[in-house]
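Subject: Structure for you to look at

Hello,

Here is the structure I promised to pass on. Please open it next to this email and follow along.

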Amino acid sequence: MRVVLQRVASASVTIEEKMVAEIQKGVLALVGIEDADTQEDIDWLVTKITQLRIFGSPTPALPEGEGVKNDVMNFSVIDVGGDVLVVSQFTLHAATKKGNRPSYIKAARPEIAIPLYEKFVSTLENKLGKKVSTGVFGADMKVALLNDGPVTIIIDSKNKE
């Protein structure tokens with residue numbers, strides 16, 4: 001499972017000119033699923049996404065001290081009460097080694113990907129303790145975001161670095 005995680009000031013998904021999801025401060029997670037993905041991949045990624053310290057202080061008045069600086073990324077999406085928007089994106093598994101047309105052979109087919117995507121979202125909601133916004137699996141989506149920082153991190157459950 002591969003995720004492109006972006007810290008955002010806001011993000012939204014529009015389908016056929018209708019906004020279907022919108023968040024404010026938090027993270028946009030573009031998620032690519034492959035056939036070999038399991039609940040273990042989901043659990044590892046959800047823990048990483050929710051605990052990754054990519055935010056500054058949740059409140060400007062937070063006293064500095066004990067190694068905490070307000071302008072440094074010391075807080076997770078949970079710490080700052082941020083929102084999460086999850087969007088499926090099979091193109092994250094594009095193979096570009098041969099020719100100029102990407103191959104998506106590693107991306108899971110919908111009958112495998114949809115249940116894993118739904119499990120990813122529900123596991124993330126359980127870990128956050130709140131609802132996660134989503135796009136619509138397989139739809140032609142327009143994803144808008146205001147990247148905050150910018151902060152963009154690529155995480156792959158098969159390459160845990």
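Below is what was found, taken one topic at a time.

Please keep in mind that this is a predicted model.

**The largest pocket**

Start with the pocket. The largest one has a volume of about 440 Å³. Its lining comes from β3 (26–32), β4 (83–88) and α2 (110–128), the elements that each give two or more residues. β3 provides the largest share, with 3 residues. In total, 20 residues line the largest pocket. Look for Ser-88, Gln-89, Phe-90, Thr-91 and Gly-138, which lie nearest its centre. What is the lining made of, by class? It has 14 nonpolar residues, 5 polar and 1 charged.

**Helix α1**

Next, go to helix α1, residues 39–51.

Six names to highlight here are Asp-41, Ile-42, Leu-45, Val-46, Ile-49 and Thr-50: they are buried in α1. Viewed down the helix axis, the buried residues fall within an arc of 140 degrees, so they line one face of α1. The background is simple. An α-helix has 3.6 residues a turn, so residues three or four places apart point the same way. What covers the buried residues of α1? The cover includes β1, α2 and β6 (142–156).

**Ser-12**

Now strand β1, residues 2–15, which holds Ser-12. Is Ser-12 buried or exposed? Its relative accessibility is 11%, and buried means under 20%, so Ser-12 counts as buried. Leave aside the neighbours within four places in sequence. Ser-12 is then in contact with Met-19, Ala-21, Glu-22 and Leu-85, and also with Lys-142, Val-143 and Ala-144.

**Ile-23**

Last, Ile-23, in strand β2 (residues 18–23). Its relative accessibility is 2%, so Ile-23 counts as buried too. Which residues does Ile-23 touch, beyond those up to four places away in sequence? They are Val-8, Ser-10, Ala-11, Asp-83, Val-84, Leu-85 and Ser-133. One more pair to find on screen is Ile-23 and Thr-134. They are 111 residues apart in sequence, yet their C-alpha atoms are 9.8 Å apart in space.

Best wishes

Technical notes: Residues numbered from 1 in each chain as written. Predicted model: local features only at pLDDT ≥ 70, side-chain atom pairs only at ≥ 80, totals over all residues. Heavy atoms only, no water. Helix = DSSP H or I, 4+ residues; strand = E, 2+ residues; numbered from the N terminus. Buried < 20%, exposed > 50% of the residue type's maximum accessible area, 1.4 Å probe, protein only. Contact = heavy atoms within 4.5 Å. 1 Å grid on protein atoms, 1.4 Å probe; cavity = no way out; pocket = protein on both sides within 12 Å on 5 of 7 lines; lining within 4 Å. Points joined across faces, edges and corners; volume = space filled by probe spheres on them. Nonpolar A, V, L, I, M, F, W, Y, C, P; charged D, E, K, R; others polar. Expected span 1.5 Å × (residues − 1). Arc of directions from axis to C-beta.
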